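Please look over the structure shown here.

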Amino acid sequence: MVSNYKHIYIGIGTAALLVGGAVLVRYLTKSKIKKVISNVDFSVFDSKDMTGSGRCIDRLLLNKLLLLEKRTGYAVLKNINSAVRSRYWNKKVGGVSNSAHLITKCKAVDIHAPTRTIRNLLVVQAYNLGFTRIGVGKTFVHLDVDQSKPQYVAWGYPSGTTPEINPFT
């Protein structure tokens with residue numbers, strides 16, 4: 001009689017191994033991400049007029065920035081020009097009124113990129129990582145994850161100019 005149910009026992013055992021393996025992989029992945037994030041100096045994201053404001057930085061954006069740093073070898077987090085902005089600071093630097101940088105969103109960064117080679121490397125790898133909003137200035141690259149804005153777009157600075165590189169065309 002046991003042999004009649006052998007296939008059921010094998011199926012249950014296989015399912016248990018698959019579920020257990022998936023749970024273990026998820027746990028290990030999450031703990032690794034948490035460990036990396038716990039080592040991040042969030043002050044690099046602070047609005048220039050508001051200490052501690054960088055803690056609100058979007059975690060999806062942060063994870064993508066860490067991957068970008070790893071893929072490019074460029075010290076992305078050490079080269080943040082602007083990230084989270086208070087309304088006052090956003091106005092002072094000429095940001096748009098609904099900027100993804102604003103403290104209410106915390107979904108954008110500008111990365112100092114002094115050469116065309118560095119800008120192009122950042123833009124191409126950001127595109128490969130799934131960034132869908134990329135701005136390219138003369139000395140920086142803007143990246144954001146604001147889903148409330150148009151997607152799969154690249155722009156230049158000053159606003160309205162053609163970017164020197166556009167991965168979406």
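**Pocket, helix and cavity**

Q: How do the residues lining the largest pocket divide into nonpolar, polar and charged?
A: The model is a predicted one. In the largest pocket, 17 residues form the lining. They divide into 6 nonpolar, 6 polar and 5 charged.

Q: Which residues lie nearest the centre of the largest pocket?
A: The space in this pocket comes to about 380 Å³. Nearest its centre lie Gly95, Val96, His142, Trp155 and Tyr157.

Q: Which strand gives the largest share of the lining of the largest pocket?
A: The lining has 17 residues, His142 being among those nearest the centre. The largest share is 3 residues, and they come from the strand spanning residues 140-144, E4.

Q: Where does Asn90 lie, and is Asn90 buried or exposed?
A: Asn90 is found in helix H3, residues 87-92. Its relative accessible area is 3%. Because the cut-off for buried is under 20%, Asn90 counts as buried.

Q: Which residues is Asn90 in contact with, leaving aside its neighbours within four places in sequence?
A: Two of these contacts, Gly95 and Val96, are also among the residues nearest the centre of the largest pocket.

Q: What span does helix H2 reach from its first C-alpha to its last?
A: Helix H2 covers residues 59-72 and has 14 residues. At 1.5 Å a residue, the expected span is 20 Å. The model comes close to this, with H2 reaching 20 Å.

Q: Which residues of H2 are buried?
A: To be buried, a residue must have a relative accessible area under 20%. In H2 this holds for Leu61, Leu62, Lys64, Leu65, Leu66, Leu68 and Thr72.

Q: What is the volume of the largest cavity?
A: The count comes to 1 cavity of 30 Å³ or more. Its lining includes Phe45, Ile80 and Trp89. The volume of the largest cavity is about 40 Å³.

Q: Which strand gives the largest share of the lining of the largest cavity?
A: The lining residues divide into 6 nonpolar, 3 polar and 2 charged. Ile80, Asn81 and Ser82 are among them. The largest share, 3 residues, comes from the strand of residues 80-82, E1.

How values were computed: Residues are numbered from 1 along each chain as its sequence is written. This is a predicted model: local features need pLDDT of at least 70, side-chain atom pairs count only at pLDDT 80 or more; totals for chains, interfaces and linings use all residues. Side-chain values use heavy atoms; hydrogens and water are left out. On a 1 Å grid over the protein atoms alone, a cavity is a set of points where a 1.4 Å probe fits but cannot get out, and a pocket is an open set with protein on both sides within 12 Å along at least five of seven lines; lining residues have an atom within 4 Å of a point. Grid points are joined across faces, edges and corners, and a volume is the space filled by probe spheres set on the points. Helices (H or I, at least four residues) and strands (E, at least two) are DSSP runs, numbered from the N terminus. Ala, Val, Leu, Ile, Met, Phe, Trp, Tyr, Cys and Pro count as nonpolar, Asp, Glu, Lys and Arg as charged, and the others, Gly among them, as polar. The expected span of a helix is 1.5 Å times one less than its number of residues. Buried means under 20% relative accessible area, exposed over 50%, partly exposed in between (1.4 Å probe, protein chains only). Contact means heavy atoms within 4.5 Å.
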